Each structure stands twice: as C-alpha cells, then as structure tokens.
Amino acid sequence: MSAALETRDLCKSFGALRVAEHISFRLEAGARHALIGPNGAGKTTFVNMLTGLLPPSAGLILLGGEDITRLAQAARVKRGIGRTFQINTLFSDMSVLDNVALGVAERQGLAARFWHPASRHHDVREEALGLLETLGLAEDAGKRVVDLPYGKQRLVEIAIALGLKPRVLLLDEPAAGVPTLESGMILQVLDRLPGEIAVLIIEHDMDVVFRFAQRITVLVEGTVLCEGTPAEIAGDARVQRIYLGERDG
Amino acid sequence: MTRSVGYGADPRIRFAEWLPWLGALAAFFLLPEYLPLGARILTYVLFALSLDLILGYAGIITLGHSAFFGLGAYVAGILAAKLGVTDPLLLLLAAACAAGALGIATGAVILRTHGLTQLMLTLAIAAVCLEIAHKATSVTGGADGLSGITIAPIFGAFKFDLFGRTAYLWCLALLFAGWWVTRKMIYSPFGATLCGIRENIVRMHAIGVPVYRRLLAAYAISAMLAGLAGALLAETNQFVGLNVLGFEPSGELMVMLILGGVGRLYGAFVGPLVYLIAQDFLAKQFPEYWYFGIGLMLVLVVLFARGGILGIADALVARARKTV
C-alpha cells in the first residue's frame, strides 16, 4: 500500500553545499510522525521541498503514490498537502476570519469569483468560523492577526492549514517561540487533529515530540540517521550522543 | 472609506461613498466654467482607479501604467481620425480591448519578476510604447500629436459641445461604471485574494492560490480600465499627444494616488482632484514654479501622512471617536 507521503533519494544542493542527501522517507496514512535533528540538519529544507517551495536537485516525492516532484506549490496544495511555517507567515493586517477564509475559498474553488461580495459566500464564512471555533479562536474571528498574542497566532497558522482539508499536514515547529503559558493551547490542538490526516511535525521541544509522535525520524547533516518509535529513538546511542544527550533523565 | 474588505466586510454602499457623486453632480450645475477641467479630473480618477486596483490591492508596483492609458487614447484617436469610426462607445470598447490585450501580453512577462526588476520592466514597456508612437508619425502624428478626431453624438443624441457639458457627464457616467465594477471586484473573493497576495505572497502560494494567474487577471482588468480612461481623454479632447505615454504620466499618476491614499479606493478620487486643481491653480499663479507646490505637497504627505489625504481623514475621524 502506498504511503500518504513518500520521498525516494531526495537531494538538495546549493552549489557545493549539500543540505539534503538521499533522504528516503515514508509518512503513513493517519500517522503522527516527528522529524527531529539539530539546527542546520536540513529539516525545514526538507519540508520546503515537500511543499514545492524549493525544487529538489534529485529524487522523487510521491503523494499517495502519485509523483508530485515537479508540481508547483499550488498544485500540491490542491492534491492535499498543507503546511505551517516555522516563523509566522500570516496576513497580519487582515482579520483572523479572513486568514482562514482565504484558504477555504481557494479550496472550494470560489476564490476567483469577482462579482458577489466575499461576505455573501456563507459556506466559506461558516466553514472558517467553525474551524476557528474548534481551535478556540471564535471570539477572535474579527480581530486583526497582528493584535493577537503569539500563541494564538501560531494557532491561526494551524487553522489556515486545516482549512485546506489536507491529507498530509506538515507542521514546522508549531510551538516555536510560544511562551510556556500559551503552549498548552497548541498541544491540545495537536492532540485533537483529525485522525485521517497524516501529520509530520518538526519540533525542537522533545516533550512535544515524545508526547505527540508515534514514529520519529532523525535527520543529521541532511541525511536520515535513524527512524523508529519514540522508545527506540530515545534508546539509540547515536541519537543520544548527537541530539538527545542534552535531555534531562 | 475603510480599507476593510474580505469575508467579514459589509459590502453595502455607505452614505459617504455617495458623496463624491453628489459633489460631481453639484459641480456640474455650480461650476459650469470649470467643466473641461472637471472632465479631465474625472478621466484621471478612472485612470488612478485602475492603478489602485493593482498597486493598492494587488501590490504590483508599476511606473508604466501610461502604456495602457496611451494605447487606449491612440486606439480611439486613430480609429476616429484615420478610419472614420466615430461611435464613442465603439471607440471605448476597442480601446479597452487593445489595452487589455497589451496588459495580458506584458503582464505575462513582468508578473514573473519582482521588485526593482518588475519596476524597470514596466518603465521599459511604457518607454517602448512612447517610442513607437513617436516614430510612427503617419499613424500617430508623432511629436505633433494626433488631430482630426471626430466623435459622433453619444447614443446618436448627445453631441460633444464647446462648453464641455456632454464630455463632463460622459466622463462621470463612465467613471461611475468603472468605480462600480472595481468596487464589486474589491469586495469579492477575487479582491480578497488580491489583498492576500499583497499582504503575504508566500502564504498565498502555500494555500494553493495560483498567484501568477490571479495577478495577470487583475493586471489585464486594470489595463482595460486605464485604456478606457485614455480613450475618454481622446474623445473629450479630440486630440492625442505624446504626453499620454512614457514615464511622466505614469509618475504623475503614482503621485496622485499617493496623495489621495493607496489601496483605499477613494484615494483614487481625492488624489487626482487635489493634484489637478492644485496644478491648475499653481500654474496660473506661479507659471514657472508650480511643480514646487506639487512637490512640497507630496513631501508633506509622505513625511506626515503615509495613508495619503484619506489617511489623515481616517486618523482625524478615529481621534474624534476616541474623544467622544
């Protein structure tokens, strides 16, 4: 059976600098998978290749068995890849509702319509509002994103991605920079993500990783060091030496 | 007058939005000696509206918008003067189509670039158009301009008169149509998408928006509106000069829009009004130094009112509300 998302020998070079080397990776349908690695391991580059933001130098990317390596970003989104960004990439001056509705409208094929007012597209509004309610953001729907606390802005990132109804969701450090008091919100949302979505999370916070992931892939210097269950990864001497050695206990 | 568009915005036309139209109608009855200037202002408002659609809403920076304005003017002028097509509606239609086609052809190239490269390409396209108009003297009249334009009465009934009454009302009617269409578009999902592209193009790609195609559509529509404005100028002036093309009219238009307020829809109304009245007044009072006044106005707006004149109005209204 084909994986929800798979890469085969994926490589990326910037001139002489190799940032991804022969990464072969499988994300099973409905999986909760984490990608970890020290700074500069190539995690975000890998995600950027998966989404089409960066073209790979070599290798294949398969979504549900279909080769999407050469597809543009928009086409990959239409086929079911959603993502969040490590650094907030939102429409800061727009309302929370609009941030989510833009994606919903695009997915519903309504975003190119230029005659009826946007606010009269009730399907889009209701779906976006429903999503915001699920994430506890309903009261903030009319606020500008820039006026929200950072933790809630991170939630808007996730809401936008969920509005695309993805088959595969790539979460690039969803709790990065979020104060401890607000990170609980993010964790709750991660726990409640729909089971049918295959989720790949990139995260530095090991508590989040071990709480969330069923499988973990460790990336070091652009190559896959190892992959396994959280217990296997925690017990791997190489990982402990390279990455997890700093963990308490 | 707010910038708020999108899925939470109320699309109904507010009372304040009728004021420019009431003002324009009042000017028709109260200031009959200024109707030719009024027609020119209305034409430039339509031109500025077309720029606001791409600059203010879609974030495309251009210094070559006069290419579409000039093409519209020359298409209408050449059809009327050389080919005997005198129906004003037909001329407008031809001008809009030609400008739209140029918009698609040039937009297909320039919208693949960004920043300074894009800006330079728009400038180059306007310069090329200017040079073509300059050299093709047998068709365009070259540096002498295109004269001999005859325009038939509108709908066979309303003749363009010496006092500019018909021209003024014709410009007003077409501006109203242009405004209505533009406003509809801005409040639509398409308009919200353009604002999204302006705000964060990376995110728009990430939510699956075919950014290039949407920008190209907006660019073509904007070009058509600019072409319409150019044709209006040709019809009402019955003359087309080289000054409709090149950097100067594009830059002038940009200044008008910045003065009024970019991305506010009505900044396109206020900017040309203030600019052209100031130009008319200053050119009479200080024929040699009138540009100084315009420059000073622009410097003040850029330094103290980033949102243009409408930005000042918004700030004053907000302050008044706070005190109440």
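What follows is a quick walk through the two chains, their contact and a few local spots.

Trainee: Before we start, what kind of model is this?
Mentor: It is a predicted model.

Trainee: Okay. How many helices and strands does chain B have?
Mentor: Chain B has 14 helices and zero strands. Along the sequence it reads simply as one α after another.

Trainee: And how many in chain A?
Mentor: Chain A has nine helices and 10 strands.

Trainee: What about the radius of gyration of chain B?
Mentor: Chain B comes out at 19 Å. A compact globule of 324 residues would be near 20 Å, so the two agree. The box around its C-alpha atoms is roughly 55 × 45 × 40 Å along the principal axes.

Trainee: Switching to the interface. How many residues does each chain put into the contact?
Mentor: Chain A gives 38 residues and chain B gives 27 residues.

Trainee: Which elements of chain A give two or more residues to that side?
Mentor: They are α2 (73-79), α3 (96-108) and α4 (122-134) of chain A. Of these, α3(A) gives the most, with eight residues.

Trainee: How does the chain A side divide by residue type?
Mentor: It has 20 nonpolar, 10 polar and eight charged residues.

Trainee: Now the core. Which residues touch the most other members of the largest nonpolar core?
Mentor: That core has 179 residues, and the ones touching the most other members are A:Leu132, A:Ala159, B:Leu46, B:Ala95 and B:Leu228. Helix α10 (residues 211-237) of chain B supplies the largest share of this core, 17 residues.

Trainee: What is A:Ala159 in contact with?
Mentor: Leave aside neighbours within four places in sequence. Then A:Ala159 is in contact with A:Val100, A:Leu131, A:Leu132, A:Leu135 and A:Leu137.

Trainee: Let's do helix packing. How do α3 and α5 of chain B cross?
Mentor: Helix α3 (residues 66-82) and helix α5 (residues 115-135) of chain B have axes that come within 8 Å and cross at roughly 25°. Angles under 35 degrees count as roughly parallel, so α3(B) and α5(B) are roughly parallel to each other.

Trainee: Which residues meet there?
Mentor: From α3(B), B:Ser66, B:Ala67, B:Gly70, B:Leu71 and B:Tyr74 meet B:Ile125, B:Ala126, B:Cys129 and B:Ala133 of α5(B). That contact has seven nonpolar residues, two polar and no charged.

Trainee: And α12 with α14 in chain B, at what angle do they pack?
Mentor: Helix α12 (residues 267-285) and helix α14 (residues 308-323) of chain B pack at about 115°, with axes 8 Å apart. B:Gly267, B:Val270, B:Gly271 and B:Val274 in α12(B) meet B:Gly308, B:Ile309 and B:Leu310 in α14(B). By type, that contact has four nonpolar, three polar and no charged residues.

Trainee: Last topic, backbone angles. What is the phi of B:Leu265?
Mentor: B:Leu265 has a positive phi of about 65°, although it is not a glycine. Most residues other than glycine have a negative phi. B:Leu265 is in the loop between α11 (247-260) and α12 of chain B.

Trainee: Is B:Leu265 buried or exposed, and why?
Mentor: B:Leu265 counts as buried because it has 24 C-beta neighbours inside 10 Å, and the cut-off for buried is 20 or more.

Trainee: And what about A:Lys165?
Mentor: A:Lys165 is not a glycine either, and has a positive phi of about 45°. A:Lys165 is found in the loop between α5 (150-162) and β7 (168-172) of chain A. With 17 C-beta neighbours inside 10 Å, A:Lys165 counts as partly exposed.

Terms used. Residues numbered from 1 in each chain as written. Chains lettered and ligands numbered in written order. Predicted model: local features only at pLDDT ≥ 70, side-chain atom pairs only at ≥ 80, totals over all residues. Helix = DSSP H or I, 4+ residues; strand = E, 2+ residues; numbered from the N terminus. Rg over C-alpha atoms; globule rule 2.2 N^0.38 Å. Contact = placed C-beta atoms within 7 Å. Nonpolar A, V, L, I, M, F, W, Y, C, P; charged D, E, K, R; others polar. Core = buried A, V, L, I, M, F, W, Y, C linked by C-beta atoms within 7 Å. Buried ≥ 20, exposed ≤ 12 C-beta atoms within 10 Å, placed from the backbone. Axes fitted to C-alpha atoms, helices over the stretch in contact; angles between N-to-C directions. Parallel < 35°, antiparallel > 145°, perpendicular 65-115°, else oblique.
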